[in-house]
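Please look at the sequence and the model shown here before reading on.

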Amino acid sequence: PPSLPPYRNPQTMGGICCCLSASPEGMGMQRMEESVRTGPYPVRGDKKRKSANLEVENHENYDVITGSFPGTICCNTILEQTRAYYEVTVVKEGVFCLGVALTTFKEFDSFLTNATDKTIKNRELREADRKSWGYMCSDAKAGDVLGCSYDLNDVKPVLRFYKNGKRIKAAEVVGIKGDVCPALSVSGDCELKVNWGGEEQNHRPEKFEPVVRSMSVI
């Protein structure tokens, strides 16, 4: 099908996305999901911004990420949408972490910082030095679906996580500062199928959209 022209979302900070916003009739959302997988700038795990410990297969509608040793990969877009969501399905059990990272993140051979880590008592001090935020998962079974949403519609950005559609309130992060992109960490022979939005997302929260590609340069 013909690719969709880029548009400027009036609800963002001026980012240009290769999609159309959702209409009340749902046609906008359908075209948005089509553009995620077939547009000229598809959403992908960025092979230039990843650990050498990870293997990435870019399929037409999704990515498959595997890793035996710890490593992180960033997505190829900044999150400038009002409400964005992506999800991963566990193909092979292991240890992984899904979340977001600042565009300045370069520690690809390490894991994203666990959002539920309470080892530092002063939360503000802990957050000040962070470049990534994620939900660590080591007990997910094959077939489980873990989701991540980023909400810019409130006074402060809100990062949320979900397991099989159920919100994990203890892992929520409020007030992240700076440009972020979706990111994933994998280890322990884990294999994940990553759905940025090219396939139907059965657990996507209401009013959220699949991740779409920003024209801003990371």
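Which residue stands opposite Gly-45 in β6? In this predicted model, the residue in β6 that stands opposite Gly-45 is Cys-75.

**The open sheet**
- Five strands make up an open sheet with antiparallel pairing, and their order is β3-β6-β14-β8-β9.
- The edges are held by β3 (45-50) and β9 (132-137); each has a single partner strand, so one side of each is left without a neighbour in the sheet.
- On average, and with direction ignored, neighbouring strands of this sheet are turned by 30° against each other.

**Strand β6 and its partners**
- Strand β6 (residues 71-75) pairs with β3 in the antiparallel sense over two bridges.
- Strand β14 (residues 180-187) also runs antiparallel to β6, and four bridges join the two.
- Within β14, Val-186 is the bridge partner of Gly-71.
- Five of the five residues of β6 are buried.
- From β6, Gly-71, Ile-73 and Cys-75 point one way, while Thr-72 and Cys-74 point the other way.

**The nonpolar cores**
- The largest nonpolar core has 37 residues, and those touching the most other members are Tyr-86, Val-88, Phe-96, Leu-98, Leu-159, Phe-161 and Leu-184.
- Another core, of nine residues, lies apart from the largest one, and its members include Cys-74, Cys-97, Ala-101 and Cys-181.
- Beyond its neighbours within four places in sequence, Phe-161 is in contact with several residues, among them Leu-98, Ala-115, Trp-133, Tyr-135, Cys-148 and Ile-168.

How values were computed
Residues numbered from 1 in each chain as written. Predicted model: local features only at pLDDT ≥ 70, side-chain atom pairs only at ≥ 80, totals over all residues. Heavy atoms only, no water. Core = buried A, V, L, I, M, F, W, Y, C linked by side-chain atoms within 4.5 Å. Buried < 20%, exposed > 50% of the residue type's maximum accessible area, 1.4 Å probe, protein only. Contact = heavy atoms within 4.5 Å. Pairing = 2+ DSSP bridges. Axes fitted to C-alpha atoms, helices over the stretch in contact; angles between N-to-C directions.
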